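Student: Please take me closely through one part of this structure, a single side chain and what lies around it. I would then like a connected account that sets it beside other sites in the chain.

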Amino acid sequence: MIKLKGIGVSGGVGIGKVLLLRKDELTVPKRKISHDEISREIYHLEESLIDTRREISNLQKKISKEIGFDHGRIFEAHFLVLEDRVLIEDVIMQIKNKHVNVEYAFSQSVKKYVDTLLKLNDEYLRERVIDIEDVSKRVLRKMLKEKAATLSDLKEKVVIVAHDLSPSQTASLPKENILGFVTNIGGRTSHTAIIARALRIPAVVGVEIATENVKSGDKVIVDGSSGYVICRPTDKTLREYHKKSTAYAKEVKAIHIPRALKARTKDGKEATISANMELPEELSLVKEYGAEGIGLYRTEYIFLGRRDSPSEDEQYAAYLSVAKDISPHSVVFRTIDIGGDKFLSRPEVPKEMSPFLGWRAIRFCLAHPDLFKVQLRAILRASVKKNVKVMFPMISGIEELRQAKALLKECKKELKSERKIFDEDIAVGAMIEVPSAALTADILAKECDFFSIGTNDLIQYSLAVDRGNEKVAYLYEPGHPGVLKLIKGIIDAAHNNNIPVGMCGEMSGDPLFAFLLLGMGLDKFSMSAPQIPKIKELINSINFENAKGIVENTLKLHTPKEVEKYLHSELKRILTSESYRNILMV
Ligand code: PEP
Ligand code: MG
């Protein structure tokens, strides 16, 4: 038995067999072959190409059936590669002339092919490189008889252990078969952690050496609440954790308060509690937990894990279905926030040295007005019921907000001339998640209809702490006095300019800070759906006057530890001991 410690990012206990995901690398052996072996190697090449063709054809049928014919067509390029005579002849030549094994010959020919295409100044050909690399990996796996870790066909329940999971990998997992996640890297607000929390899957990230300590099939316990991962547990430990798992499930049930309950303090102050969403399958959880609408819809998840961008009609259908489903509540569509730790599979998006400081979110969208306008048109068209708002991520100054609004205006004009209906008064918000925006919030507030504070980023940018890096996770502190002062300034600037202000960063779903934020006057709280009952229970158990009363004292404190200690002591004083234990989970 080995006990590893990481960062618990999604509560609960998962117990099961490990599925270890290797990084997507293939090791291709080089072997000299004799003259007699040449024909066998060439036969192996043909057999692998036929098998791969069959595999892709099945995949194409499955995708066309499940998500539409258009998606199935993306595999056409794969077939072209498999039938490319120049490539195949080159492999055969190498086997015959250089007397090398087929796997090695194939990998060398593909490399030559890719290098040539990359040198050509032709965007279409360069885009084909991804297809070539993808399909050639499939062929090589056939040759090497390796099975690809295709997560979407998981047949049994497993705990996924990986170095890292990309947001698109996480999004495409069959959730019903995942007992838990463990990753070597990551922090509390990395996007994999956010999804795990939204789907209520126990998860521990930042374990550093997780993948080195297990193999597929090992038994493992993931305790997402304490951050422990126990590999190959003894029977005694297993029994202990089975008990813990049952107790956790009971706790979660106990905190299920009526869906329709409003968040209203004992002295009558109301706040809106809505949910954050990434994937369509979260919608039922969002409703089950009593969200009053969707305060953040991370639309980039519709773009991830695919090569082409979704068309206007496809996006429109996706947005409209959410808007209809959540009505009469509203949904805030955050325009795509790619870059950082979420990337499009497009060759023209270069790898950057500091992606979180790079071509991300609104910067990327303003540089790609065509792509951006398609999304804005789709959002506008989905606003017919007048319950849709649009919000721009990573605004760093007024000029970006003005440019984004100008594009929105253009889209409105176009739609009008096409006689398409939409909400002409659609509310436009700015996410405040960059320190410069926080410090100029009074300027921004005059030109938008609402603010939403994105603390996941605001904390990383103001404290200079990468949100996905486990090595500096100890510095990632929402209670840092610098962060609290920025937040207070944003709320005051919004109110001085008569616009509402919400928060959609993870901090708003933490009861300790929700208490302080309510006191600072935050109007709307948006969070992972499973956090909602606790926050509603908290707000219903306190007086607004109490919350207001602690703000000044909190802002005088010097360290995050002092802040947390003070907030705990105040809540302990105000709440009954049972509520305190339930809400704070202590
Ligand atoms: C945030 O930064 O707080 C936020 C909600 O956006 P994301 O987590 O998607 O960056
Ligand atoms: Mg953000």
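Tutor: A contact here means heavy atoms within 4.5 Å. With that rule, and not counting residues up to four places away in sequence, Arg-138 touches Thr-52, Glu-55, Ile-56 and Leu-59. Before going on, please note that this is a predicted model, in which local features need pLDDT of at least 70 and side-chain atom pairs count only at pLDDT 80 or more, while totals for chains, interfaces and linings use all residues; side-chain values use heavy atoms, with hydrogens and water left out. Residues are numbered from 1 along each chain as its sequence is written, and chains are lettered from A and ligands numbered from 1 in the order in which they are written.

Arg-138 is found in helix 6 (residues 123-144), where helices (H or I, at least four residues) and strands (E, at least two) are DSSP runs numbered from the N terminus. Its relative accessibility is 18%, so Arg-138 counts as buried; the term stands for under 20% relative accessible area, with exposed over 50% and partly exposed in between (1.4 Å probe, protein chains only).

Ser-274 lies in strand 10 (residues 270-277) and is buried, with a relative accessible area of 5%. The side chain of Ser-274 reaches the backbone nitrogen of Gly-295 at 3.4 Å, and the residues that Ser-274 touches, again not counting those up to four places away in sequence, include Glu-292, Ile-294, Phe-525 and Met-527.

Two further arginines have a positive phi. Arg-200, in the loop between helix 8 and strand 6 (203-205), has phi near 60 degrees, a positive value in a residue other than glycine, and at 40% relative accessibility Arg-200 counts as partly exposed.

The protein donors of the magnesium ion (ligand 2) are Glu-433 (OE) and Asp-457 (OD), lying 2.0 to 2.1 Å from it; donors are N, O and S atoms within 2.8 Å of the metal (3.2 Å for Na, K and Ca), and water is not among the atoms, so sites may look incomplete. Glu-433 is in the loop between strand 14 (427-432) and helix 16 (435-439), and Asp-457, 24 residues apart from it, is in helix 18 (residues 455-463). Both Glu-433 and Asp-457 are buried.

Lastly, there is a cis peptide bond between Ser-327 and Pro-328, with omega about 10 degrees, and Pro-328 has its place in the loop between helix 12 (312-326) and strand 12 (331-334).

Notes:
Polar contact = N/O pair within 3.5 Å; in protein donor to acceptor, adjacent residues only side chain to side chain.
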